[in-house]
Amino acid sequence: MPTPSNYIEYNLPQDAYIAFDALTLKDFINKRLTDEGTFSDQIYEGSNLASIVEIIAYSYHVLMFYLNTTASESTFSQASLYENMNKIVNLVGYKPTGRQTSICSINATANAELGTGSYLLRRFSFFNVNDVQYTTLRDYAFSKTTAETESIVTLNNNVVLYQGLLQQYPVYTASGEEYETLPIVVKNTVDLTTEKFISSGSISVFVKEAASQKYYEYKESANLYLNEGADRVCDIRLNENGNYEVKFGNNIFGKQLQEGDEVVVYYIMSSNIAGIISSGAIAGKRINTYNTLLFNQIYNDIKDINAPTIISSVNNQYLSFTNLNNSTLIGDSESVDNIRKNTPQFVSSNLRLVTSRDYKSFLQKNLNKIVQSIYIASNDEFLNEYIDYFYRISVDPYKVNRILLNQVNFADSCDFNNVNVFCVPSYQPLYDDQIPEYVPTAFNNLIVDLTRDSKIIGAEVVPRDPVYIAFKLGISNRKDLTNTIANDCKLVITRDRNNNVLPETIKGRVLQVIMNFFNPINNELGQPIGINKLISDIISVVGVKSIKTVNTIENITYEGISFIAWNPLFPEEDTSIINQDTNFSFFKYPFLMYPQSLSNFIEVIDE
């Protein structure tokens with residue numbers, strides 16, 4: 001009787017099973033049968049034995065697919081499919097963020113025809129801008145205090161418009177189960193740029209309770225288990241299928257739906273990148289009131305009895321609007337890697353914002369594509385570094401408009417318990433002399449609103465503006481540095497004599513390296529300015545032998561790349577030469593002052 005060692009060898013790597021697909025296994029079985037010489041029908045396609053071999057091979061293939069999927073996708077550290085990662089993090093209460101629509105702030109003016117008094121811009125009011133809509137998601141109260149034309153500061157500082165068409169999901173009648181869940185089955189794409197999607201954070205839920213026949217708004221809860229049984233709240237979550245789910249409580253954790261309750265859900269359906277608008281696009285447009293029989297009934301039930309006069313089609317003609325800034329870009333949904341990165345921080349924070357890391361992680365998750373960089377500064381950092389910076393350059397910080405504006409708008413009278421949030425908004429440098437914008441006040445108020453329910457009671461969130469530092473090529477020995485030195489400076493690239501790359505090609509590649517170095521997506525507040533890395537990247541360009549920065553007026557040459565950097569608001573007080581690796585303070589953010597004309601200051605010469 002033959003022993004297994006006579007005809008089977010198991011000299012295989014431990015993970016060799018991964019390589020066995022159906023065809024490989026079929027060939028392996030046929031080879032073993034042929035080598036033994038006992039069977040021969042397996043070599044004839046269509047024979048009974050060949051059919052049995054195929055069944056075994058393909059069954060094994062399916063089992064291996066299942067094994068590979070379940071083995072790697074069942075653990076948090078190894079899951080690579082969104083569906084599986086979404087299910088895993090649901091166990092710890094983490095809610096992945098979906099795609100976020102473009103948003104913008106407004107500037108409102110009331111003319112003399114609008115009488116003095118209190119008014120209300122009702123939720124879901126909207127602008128129609130070139131066949132796309134921008135909609136409000138909550139009520140905004142304001143007052144007109146004079147009989148003259150007046151800028152409505154309250155609206156300017158608070159209104160956030162969300163791009164998209166407001167849509168109503170079909171009315172759902174509850175069955176009265178515990179933790180009753182309503183799936184919002186609307187197609188949501190994760191990565192396409194042309195199809196519409198429900199914007200994250202735009203879902204509003206109203207319930208007509210059968211007992212009272214009255215509508216109530218059910219607010220979104222961070223976690224149902226943090227609420228009491230009488231709280232009218234719901235849990236809104238993006239599930240593994242890309243659809244949103246609205247889950248209600250059980251009268252212990254959140255109010256439970258009763259049989260016959262009617263649930264009405266509204267959401268913003270974004271037009272995707274087609275809805276992005278430039279500054280001034282809203283100018284001349286009237287704001288419209290969302291009017292349907294159902295919503296009017298809902299609003300009559302939920303509004304304050306003493307609500308002020310509502311802006312409607314009758315009096316909206318007395319208000320004029322514009323948007324001073326471009327709308328934001330479309331925010332991507334959280335990828336598997338993003339979820340893997342953010343979930344541990346979510347778990348450790350226990351839904352509370354305590355440390356600077358908690359704040360940064362929370363805001364990056366919720367302000368995707370709205371802000372480019374975030375830094376959370378303590379009071380010590382704020383006073384000892386940020387405020388001290390202005391004193392060191394002989395500027396009274398409390399006479400600087402942006403500092404004073406943020407202090408008045410957000411800081412309280414007890415000014416030692418602040419969480420200082422420095423933000424750089426998302427932007428793309430397009431023009432020369434284009435200084436990055438500051439975060440609009442309405443967006444800063446959005447930051448305050450987002451953190452209000454999660455921050456500790458003794459902390460006050462105060463948005464602050466960064467200090468932008470402009471960069472141009474420059475070198476000088478002058479003691480009285482000015483940014484005009486850059487007009488006489490250039491980067492000279494020596495081409496390797498043994499290389500035939502065209503000078504214009506070299507120039508273009510070096511230009512791209514410098515542009516990438518200053519690309520906003522590659523920069524953060526307070527990051528080191530890696531001049532040595534930049535030089536290395538330039539020298540690595542094919543055909544480059546060496547580089548030097550030349551001042552043609554002072555006849556000065558610096559072997560390497562050198563920049564003149566300055567604060568555009570105070571160029572006379574803060575200008576310096578940077579040609580070595582430099583650590584920026586946490587509030588400083590670099591940008592290139594001449595992205596359009598930089599090529600005019602780059603020259604390629606032969607060795």
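Is Asp 606 buried or exposed? Asp 606 counts as exposed, because its relative accessibility is 52% and the cut-off for exposed is over 50%. Keep in mind that this is a predicted model. Here's a quick tour of its salt bridges, a pocket and a surface patch.

**Salt bridges**
- A search of the whole structure turns up 18 salt bridges.
- Asp 606 pairs up with Arg 495, at 2.8 Å from N to O. That links distant parts of the chain, with Asp 606 in strand β32 and Arg 495 in strand β24, 111 residues apart.
- Arg 495 is buried, with a relative accessible area of 16%.
- Glu 220 and Lys 95 meet at 3.5 Å, N to O. Glu 220 sits in strand β14 and Lys 95 in the loop between α3 and β1, so the pair ties together parts 125 residues apart in sequence.
- Glu 220 is partly exposed at 45%, while Lys 95 is buried at 17%.
- Lys 365 and Glu 334 form a salt bridge at 2.7 Å, N to O, and both residues are buried.
- There's also a salt-bridge network, made up of Arg 123, Asp 139, Glu 217 and Lys 219.

**The second largest pocket**
- This pocket holds about 1500 Å³ of space.
- Its lining has 50 residues, with Lys 369, Ile 370, Val 371, Gln 372 and Ser 426 nearest the centre. Elements giving two or more residues to the lining are β1, α6, α7 and β20.
- The lining splits into 20 nonpolar, 21 polar and nine charged residues.

**A nonpolar patch**
- Leu 91, Val 92 and Val 347 make a nonpolar surface patch of about 300 Å².
- Val 347 belongs to helix α6 and is partly exposed, at 41% relative accessibility.

Note on methods:
Residues numbered from 1 in each chain as written. Predicted model: local features only at pLDDT ≥ 70, side-chain atom pairs only at ≥ 80, totals over all residues. Heavy atoms only, no water. Patch = residues over 30% accessible without salt bridge, like charges linked within 9 Å, V, L, I, M, F, W, Y side chains within 5 Å. Areas by Shrake-Rupley, 256 points an atom, 1.4 Å probe, with all protein chains shown as cover. Salt bridge = Lys/Arg side-chain N within 4 Å of Asp/Glu carboxyl O. Helix = DSSP H or I, 4+ residues; strand = E, 2+ residues; numbered from the N terminus. Buried < 20%, exposed > 50% of the residue type's maximum accessible area, 1.4 Å probe, protein only. 1 Å grid on protein atoms, 1.4 Å probe; cavity = no way out; pocket = protein on both sides within 12 Å on 5 of 7 lines; lining within 4 Å. Points joined across faces, edges and corners; volume = space filled by probe spheres on them. Nonpolar A, V, L, I, M, F, W, Y, C, P; charged D, E, K, R; others polar.
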